[in-house]
Amino acid sequence: EQLNLKQMNELIEEMTNLTHYSFEEVARELAGGNMGEVLRMIGATVADVCLPGIRESKGLLTGILVLGLFSVLLHYTFGIVKSRQVADLASYFVYLILILLLLENFGYVMETGREVLDLCRQFIAALVPAYCLSVSLAAGAAGSAAYYEFVLLLLLGIDYILAGLLLPMTQSYIFLIVMDGLDEKHRMKEFKKLLERLISWGI
């Protein structure tokens, strides 16, 4: 009752566009030990948020399936042609269309990733005052101050390491994979492995 969770409720409604449950209701059920009800609330919210995205991805999957069938048709059609160059050009043409389709959707995924990280930062920043108040009531002011400093470092990590460094590196890694797929000798193989290791260690 003493914690002001109004800002958290407003932020979650803004993030999810849902008004089924408030953060205060989830916290109240959690404090009461009703884990089953808490899991049901979270599961229903996740389903409401994720299902529209899955439906939207049907267009991408349909496009990939059509291009796959088209490439098989081209393969058998140009298999009877003596000129190998025509078959190679057709393969590259289909490959480039597929890559353009995937890169366009990858751009949406990257933008979603940035938005999610920003929302995580906002969520943590909004949760800090209420949580630090509860920590100070339970463990004293020293514990609350230590946790507050830790959260500030966490927010800096999200901003500078994940959003500022690892996301652009991931984008570069994906482009390297695309370019390496066009190169028969795979000259970028080692650099690609190095970038993959750096991203994994960073995460």
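Helices here are DSSP runs of H or I spanning at least four residues, and they are numbered from the N terminus. With that in hand, welcome to a short tour of this predicted model.

Figure 1. The protein holds seven helices and zero strands. Of its 203 residues, 20% are buried. The protein exposes about 14,400 Å², and carbon and sulfur atoms account for 66% of that area. Take the contacts between residues at least 6 apart in sequence: 60% of them join residues at least 24 apart.

**Figure 2. Helices α2 and α3 pack against each other at an angle of about 155°.** Here we look at residues 23-31, which form α2, and residues 35-56, which form α3; their axes lie 8 Å apart. Because angles over 145 degrees count as roughly antiparallel, α2 is roughly antiparallel to α3. The crossing of this pair is left-handed. On the α2 side, the contact is made by Glu25, Val26, Glu29 and Leu30, and these meet Met35, Glu37, Val38 and Met41 of α3. Sorted by class, the contact of α2 with α3 contains five nonpolar residues, three charged ones and no polar ones.

**Figure 3. Glutamate 104 sits in helix α5.** This helix covers residues 84-139. Is glutamate 104 buried, partly exposed or exposed? Its relative accessible area is 45%, so glutamate 104 is partly exposed; a residue would have to be under 20% to count as buried and over 50% to count as exposed. For orientation in this view, find leucine 60, which is 44 residues away along the chain: its C-alpha atom and that of glutamate 104 are separated by 10.0 Å.

**Figure 4. Leucine 167 is a buried residue of helix α6.** Helix α6 runs over residues 141-182. The relative accessibility of leucine 167 is 14%, and therefore leucine 167 counts as buried, the limit being under 20%. Which residues does leucine 167 contact, once neighbours within four places in sequence are set aside? They are Met110, Gly113, Arg114, Leu117 and Leu162.

Figure 5. Tyrosine 92 lies 90 residues from leucine 182 along the chain, and the C-alpha atoms of the pair are separated by 8.2 Å.

Notes. Residues numbered from 1 in each chain as written. Predicted model: local features only at pLDDT ≥ 70, side-chain atom pairs only at ≥ 80, totals over all residues. Heavy atoms only, no water. Helix = DSSP H or I, 4+ residues; strand = E, 2+ residues; numbered from the N terminus. Buried < 20%, exposed > 50% of the residue type's maximum accessible area, 1.4 Å probe, protein only. Contact = heavy atoms within 4.5 Å. Areas by Shrake-Rupley, 256 points an atom, 1.4 Å probe, with all protein chains shown as cover. Axes fitted to C-alpha atoms, helices over the stretch in contact; angles between N-to-C directions. Parallel < 35°, antiparallel > 145°, perpendicular 65-115°, else oblique. Left-handed = near helix turned anticlockwise from the far one by under 90°. Nonpolar A, V, L, I, M, F, W, Y, C, P; charged D, E, K, R; others polar.
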